[in-house]
Structures are given as structure tokens and as C-alpha cells.
Amino acid sequence: MIVGFFLRGKQVEAVYNEGLLWQSIITGFSLVMGVVSIVRVHWRKLTARNDGAWYSAVLLLCFVVMAGFGVLQGTGRGTRYDAIFNSIQAPMMSTMFSMLAFFIASAAYRAFRARTVPSLILLVTAVIVMLGRIPMGQFISDDLPTWVNWIMTVPNVAVQRGILIGAALGGASMSLRIFVGIERTYLGQ
Amino acid sequence: MSKPRTTIWDRLQHIDRRVLYTLIFVSVIVPVFLPLSLPTAVSPESQAFFDAVDALPAGGNVMFAFDFWPSTTAETEPLAVATLRHCFQKDLHVIGLSNVGMGGPSIADRILHDIGDEYGKRYGEDYINLGYKAGYQAVLLGMATGIGNIFPTDHNGTRLDALPLARRVTSYDSIQFVVVITDNIMVDYWISLVNAQSGVPMAAGVTAVVAPKALSYVQSGQYKGLLGGMKGAAEYEHLLNSPDKASRGMDSQSLIHLLIIAFVAMGNLGYVVTRRRDAGPPRDRG
Amino acid sequence: MSELFSSPLVTLLPTAFFTLALYSFLYRDNPLFRFAEHVFAGLTAGYYVGLVFDSILVDQWWVPLSQDHKWILLIPGVMGLMLFARFVPRIGWTMRIPLAFVIGGTAGIELVRQLHGIILPQVSSTILPLTTFNAVIMIIGVLCTLIYFFFSKPHTGALGWIASAGTGFIMVAFGAHFGYTVMARVSLLIGRIQFLFIDWLRLSS
């Protein structure tokens, strides 16, 4: 992959492209690993007739239905697979995440206390940004959106950039560790 | 020993969560029936995104990445819809794809067809949906030398050489701009793998959680513009002069922000007063 | 009657049912929520099977193999199957082969990506002439943040002062991030409420 970035030429590009395609195919197989585990766990629960076994039956039934539609009828537009996803699955995912609005409000109310100077800075900045990003903020001050924009594009970017650079250096060093064989935890060692 | 009296300052710190949840629910509902129609101020990053797409010549090719999970469609779908409307208004050709397996290609298909029908665009000629392939690093790098290397067919199983647009657009060399709508780390990968190595200009629409980090890429010039969350979508709708769900949602957003600020302020007020009370009177230094 | 069955009130009923079943958790855990939760988990597992079969096995592997006679694709096919060897203890070690291939390839891509795509552009847009107030704040902020996260030396003396300044910058950034996070989560709730009251019940246009 590194050679493919630096060198050009038909043979190099052919090997590089083939490697990328193989990587894509093998990664696709790995997506099903989690599915195998979840099916095994719930099959055991169902056959053992534990408490809540009927929930496992519901799960396995939905799995068979969805997988069956996907394999037998395809996953394109207008298929039952696509319809079930759009009408049931996607809205359920949205709903689960939307509950975070209640939890974040409750957590902010209970835990957000200005006990120290750094926490006071955090609290004040959060309030300014929350006010500046809503239309009503302009009624408080016409300059509020400008201050918020300055906070986001100068001190915030400075910190995010510092974190990005630090994380990128860490990522690059991890890649080098994998190359020289120091890092082998992915092999279970 | 007698139980200490519970004052209003103590109660301010322990309001029942069901009261809070109810107030949040009411704050969202009220603007649905009583729209406030508050004005929208456009941020420089949103204006830059709009200007970058507006500057593209008619007939240009835009790669449109629907790289978001179904869980964040409340923010990302209005972003995708608004920017896609602009692309079709400008008669740009759109090559859609998704690097998120869970629902990405289905959502991309639905949005592309819905907005495409709105503007009388034809699938295969004016827009296509490549679908999803696993391994986003391999996908982004592989398309540099040939889109067909990674995507032999489109999302519906049609071979790419049967689609007129796909015959013309074979790699990043044929693409004038990339629009990335995402709620995850793909905002980093498009910049660092595609913009850095192939030089294709791009702009991003991201959820508000990702926006603070993505601003670093705007400031460095790697992204031409940035739309952040539902507010960003509302700003773009305002620039297009076609208010939709995002503009509508900003009313509820305003009320809930004020509510949360009020609750945090109440909690801190109660905390400061009770802390002073519990610390006792100042000691005599005499 | 047929108008009722084709109205959003009926066609969107399954969507609304599961939405409300999940929201019932806000009151307390209950059988309806658990039922919806297990339906979701089952559908998600089935979704991935359909996705992998159609998008990867058929489109990316079988079609080029059978129609274009690209026999070399047998190798990644076999390697992909090797991943499942972890469920058979006797041949479980073979799983390391495709894993090493993917991890090695990813490490190569990441090394170039991090250096060329992130570090170089970000550093070059930080090292600017100090002719404006913003440029001064930017470079001070980046340096203070990097020094704050440098733990190989104790934060004492001058290093301690710079790390403290870094703390201040980080608190501003985290406060801004918190404000944006609240905005994001609230937007998700607004989306679902818009669905329930506008798309489903049609109580508002």
C-alpha cells in the first residue's frame, strides 16, 4: 500500500488495485461475524427455554425474514428488504438515538456544576455557543453569532488541530509498530 | 438530631426528571402548531459551501457521499436533501454512493429518486447510485484509478457499462466536486485519502457532533465549506430559498436550548447558594 | 374505507407503533420496549446478511468471477471463508491469515494517510505569519494543547504553566463541543416528533 502511493507504473498499479479489491471483499465477509455470534447466543437461549426465551424467538424470526428477503429477492429499490428497512428499522434507529436528547438534558442539569475555574470556562462557553447557534440568540445581541463563530474557528480549531495532530502521530507510529512486528495484539498475542 | 430543612435552593438541584422530560416534550411540540418563523443567520462556512457548489458549471459531475447512519437522519437527511436540490438546480450530474453499510445505500436511493423526480432527472443519465462496498479505505483509494474496479454494478445490480453517466465518469479525474454528508469518521477519510491524494475539491455536511472537529479542515482549506447539523441545513435551505424540515425544526431547537440553559442555571444557582450555606459563617479572626 | 387504508395514519402505523414502543422506555422498562428491541436486533442481523450477500458476494465476487472469468478472486473468497474458522477450534489459527492481510493493508494506508493527509496540511495551516490576533491565538492554542497531552515529563515549572494554558483552551473547545452536542441530540428528537405529529397524525402541515 505504501509502494502504491509512491511508485507509478502499470504493474504497480495493477497489484495495488487488486490488493484494495481483496481488502474490500475480505472486510465484507467480516461483517457477518457478529451476526453468527448473535444467532448462536439467542439460539442457545431459545433451546434452553430460559426466562425471556420468547424474545429470542422474536429476534430469530425477524432475522430469518430479513435475511431471507435480502438473499432471495435482492436489496435494491422496491424490494421487501428495502421496504422493511425504510419503514421499521431506520425509524427505530432514529428513535433510539433521539432519546439521548432527554438524557443529555437531564445529565446537563444534574452534573453540570461550576465547581472549579476550568469547569466555569466550559459552562460559560457552552451557554454562549448554545445561545449563538439559535435564531433567538440574535435578539440578545446582534454580535452573538459573530462571537460564537470566532470561538468555533479560532480557539476550538486550535485545540481540535492539536488533538488531530497528536492522534495522527499516534496512528502513524501504530502502523510502524505493526510493520516491524512489535504490535501483534490483532493476532491474539 | 433533627433533619435539616429542605429549602428551595436544595429543591432547585433535584427537580424530578419526569418534569424535565415533559417540558422538553412540550418545547418540541409547541412550535409544530405555532411556528415562530425566526430569522436565520448564515455562517461563513455555510455560505462558502453554497458558493462552491454554485460556481460549478452546468453539466459538471459531482460525487455525493451518503455516509451517515439511519440514527442521525433528522440532521443528515435535510443536509443531503438541500445540497442535492442545489446540485440538480445547477444541472449537475450526481454519482451517489455510501460507505455506511447499515442503510446508507437504501437512504441514498430514496433521497436520490425523490429529489431526482422533483427536478425531472433520469436515473442513469443524470444520476446514479453506486451503492455500498465494504472497506471504506479500499473503496476511496480504489476509485482513484477506476470506479468500476470497486463497483462492478450499481446498487440495483445493473452493470456500470450499461449506464451512460457511469461510462463517462470512470474515476476521480472525471469528477469536479465531492459532497460528503456524514456523521462519523468518514469526514477525515475523504479529506485525507481523496482530497490529499487525488486533489478533488470537496465540502462536507456533518452532524453537529462532528462539526467542531471538521472546522479544522475548513480553516486549512481542505474542505471548501461546511454545514453543521440541522442549523446548517436550515441555513442552506434559506440560501436556496426553499424552507423545509430543517428551517421548521429551528423553532423547537431555540426553545429547547433556552430550556436547557435555564435548568443548568437553576441547578448552579442552587449549588452556589447551598455551598455557601453548608460552608457555615466566616470564622472569627480575633 | 380504501381512503383510510391508504392514508398515512394506516400506512405509517408500523413505524409509529415501534417509535412509541421505544419511547415507552422513558417511563420505565417494559415488555413492549423489550419486544421492539429484539425485533430491531433481529432485523439488523438479517440486514447485514442480505447486504453482504448482495453487495459483496454477488456483485463484487461472483459476477466478476463467473462472467469476467477473474479466477484470481478465488483467493480473497477463500480468505474470507477462513475468517469463520474461529468457530472451529482445530483450524482456528487459519483466521490469522486474512486478518493479517487486512491489518497489514490498513496499516500501510493509515501510515501514508496520517502523515500526508492530516499532519502535513494541518501543520502547514498552523505555521502562519503572526500578523493577526487570530494567527497568534491559533499557534499558541495548538502548542499548548500538544504540550498538555505530553505526559513523558511532569507538568511542573514552565511546562506546567503552558499545560495550564492548554487546559483553558481545551475547556473552551469542550464547552463549544458540548453546546454542539446538545444541538445534535435535540435535532434527533425534533425529527421524530415531526414524524409523529406532521407525517403520521397530520396535525400540522
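**Chain contacts and local features in a predicted three-chain model**

C:Pro76 is found in helix α5 of chain C. The model is predicted. C:Pro76 is buried, because 24 other C-beta atoms lie within 10 Å and the cut-off for a buried residue is 20 or more. Beyond its neighbours within four places in sequence, C:Pro76 is in contact with A:Trp22, A:Ile25 and A:Ile26. C:Pro76 and C:Ile97 are separated by 21 residues in sequence. Their C-alpha atoms are 11 Å apart in space.

The contact between chains C and A takes 86 residues from chain C and 89 residues from chain A. On the side of chain C, two or more residues come from each of α3 (13–23), α4 (31–67), α5 (74–82), α6 (96–124), α7 (133–148) and α8. Helix α4(C) provides the largest share of this side, 23 residues. By class, the side of chain C that touches chain A comprises 57 nonpolar, 23 polar and 6 charged residues.

Chain B also touches chain C. This contact takes 43 residues from chain B and 38 residues from chain C. Several elements of chain B supply at least two residues each to the side that touches chain C. Among them are the helices α2 (17–33), α4 (73–89), α6 (136–145) and α9 (186–198). Helices α10 (211–219), α11 (229–240) and α12 (245–279) of chain B are also included, as is strand β3 (127–132). The largest share, 6 residues, comes from α12(B). The side of chain B that touches chain C has 21 nonpolar, 18 polar and 4 charged residues.

Chain B is divided into two domains. Domain 1 covers residues 8–37 and 249–279, and domain 2 covers residues 44–242. The C-alpha centres of domain 1 of chain B and domain 2 of chain B lie 38 Å apart.

Helix α12(B) also packs against chain A. Its partner is α6(A), residues 100–111. The axes of the two helices are 7 Å apart and meet at an angle of about 25°. Angles under 35 degrees count as roughly parallel, so α6(A) and α12(B) are roughly parallel to each other. The crossing of α6(A) past α12(B) is right-handed. From α6(A), the residues involved are A:Ala105, A:Ala108, A:Tyr109 and A:Arg110. These meet B:Ile260, B:Phe263, B:Val264 and B:Gly267 in α12(B). By class, the contact of α6(A) with α12(B) has 6 nonpolar, 1 polar and 1 charged residues.

Two residues were examined for backbone geometry. Most residues other than glycine have a negative phi. B:Asp91 has a positive phi, near 55°. B:Asp91 is placed in the loop between α4 and β2 (93–98) of chain B. B:Asp91 counts as partly exposed, because 14 C-beta neighbours fall inside 10 Å, between the limits of 12 or fewer for exposed and 20 or more for buried.

In chain C, C:Arg202 likewise has a positive phi, near 55°. C:Arg202 lies in the segment after α8 (157–200) of chain C. C:Arg202 is exposed, with 12 other C-beta atoms within 10 Å.

Note on methods. Residues are numbered from 1 along each chain as its sequence is written. Chains are lettered from A and ligands numbered from 1 in the order in which they are written. This is a predicted model: local features need pLDDT of at least 70, side-chain atom pairs count only at pLDDT 80 or more; totals for chains, interfaces and linings use all residues. Domain bounds come from an automatic or database domain assignment. Two residues are in contact if their C-beta atoms, placed from the backbone, lie within 7 Å. Helices (H or I, at least four residues) and strands (E, at least two) are DSSP runs, numbered from the N terminus. Ala, Val, Leu, Ile, Met, Phe, Trp, Tyr, Cys and Pro count as nonpolar, Asp, Glu, Lys and Arg as charged, and the others, Gly among them, as polar. Axes are lines fitted to C-alpha atoms, for helices over the stretch in contact, and angles run from 0 to 180 degrees between N-to-C directions. Angles under 35 degrees count as roughly parallel, over 145 as roughly antiparallel, 65 to 115 as roughly perpendicular and the rest as oblique. A crossing is left-handed if the near helix is turned anticlockwise from the far one by less than a right angle, and right-handed if clockwise.
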